[in-house]
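Dear colleague,

I am handing over the structure we spoke about, with a short account of what was found in it. Please keep it open beside this message while you read.

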Amino acid sequence: KLVSREVQETDTIIKIGGLEIGGKKLTVIAGPCAVESREQLLSAAQAVRRSGANVLRGGAYKPRTSPYSFQGLEKEGLRLLAEVGAQTELATITEVVDEESLLTAVRYVDMVQIGARNMQNFRLLRAAGKSGKPVLLKRGLSATVEEWLMAAEYIVSSGNREVILCERGIRTFEDSTRNTLDLSAVALAKQLTHLPVIVDPSHATGKRELVGAMSRAAVAAGADGLIIEVHPDPAVALCDGPQSLDPGEFDALMSGLRPLGAAV
Ligand code: PEP
Ligand code: MN
């Protein structure tokens, strides 16, 4: 396999402007689950930037469990991401859900995300392989590590070596957290592949009170980065408020990573 350490022993480092993902420094992606308005996104971006985040996240196409939940601002959300990313000098990432949203998103953002629900959408993986942008590939809700790596193989074998793997929790019998964060998969993936591996403690736990502890655990397990949901006022978030940190909580989380030796 192209993603295997046997094919390439050294870590893949993905460069976006001055940013290196998979290098010595921890990459921190932060921002709201969904782009809701210019004010909301700008306020989140300024806060996460101030605390040391490198990349601004924001969903424009939201894969919601219910069709009646907020579905995202779509193209207007992408426009806002581009505008706010430029204004705050942060790289940007957004989720794409099909080939059409992929082709639109690449005109506005620096990186694209393929969500857990689409990890085995093989046509989307192939299209992402031809997108010319780094791809953050989330682990599927019930995917084995082997299936996750094979999904990455689809992207790499389609011509795109810039893939970042993201562990975001898996479905288990445990329902006191939203998902079960599988940190052994992070350590294992780091052995099996040369691709960068990051952790999403927000979707893994579903609870803001657990995000800090799981972030520190992810760093200890060898993760190359974190993706964390931050909202200026989580109480009024249109998506994933209970797992979103406010700016003060995010700042405290970032300070808590430094004693672990994480360069952030
Ligand atoms: C997200 O990042 O907002 C998201 C929907 O994540 P996942 O695909 O991991 O559920
Ligand atoms: Mn979310």
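Sorted by class, the shell around ligand 1 holds 3 nonpolar, 3 polar and 5 charged residues. Please bear in mind that this is a predicted model. The residues that surround ligand 1 are C33, G59, P63, E95, G115, A116, R117, K138, R168, D200 and H203.

Turning to the strands, you will find that 8 of them close into a barrel, in the order β3-β4-β5-β6-β7-β8-β9-β10, with parallel pairing, and that the twist from one strand to the next averages 30°. As one example of this pairing, strand β5 (residues 91-96) and strand β6 (residues 111-114) run parallel and are joined by 4 bridges, and I93 stands opposite M111 in β6. Helix α2 (residues 75-88) packs on the sheet, where it touches β4 (55-57) and β5, and its direction makes about 160° with that of β5. Helix α5 also packs on the sheet, touching β7 (135-138) and β8 (163-167), and the direction of α5 makes about 160° with that of β8.

How do two helices lie against each other? The axes of helix α4 (residues 122-129) and helix α5 (residues 145-157) come within 6 Å and cross at roughly 45°, and α4 and α5 are therefore oblique to each other. Their crossing is right-handed. On the α4 side the contact is made by F122, L125, R126, A128 and G129, and on the α5 side by A151, Y154 and I155; these residues divide into 6 nonpolar, 1 polar and 1 charged.

Conventions: Residues numbered from 1 in each chain as written. Chains lettered and ligands numbered in written order. Predicted model: local features only at pLDDT ≥ 70, side-chain atom pairs only at ≥ 80, totals over all residues. Near = placed C-beta within 6 Å. Nonpolar A, V, L, I, M, F, W, Y, C, P; charged D, E, K, R; others polar. Axes fitted to C-alpha atoms, helices over the stretch in contact; angles between N-to-C directions. Parallel < 35°, antiparallel > 145°, perpendicular 65-115°, else oblique. Left-handed = near helix turned anticlockwise from the far one by under 90°. Contact = placed C-beta atoms within 7 Å. Pairing = 2+ DSSP bridges.
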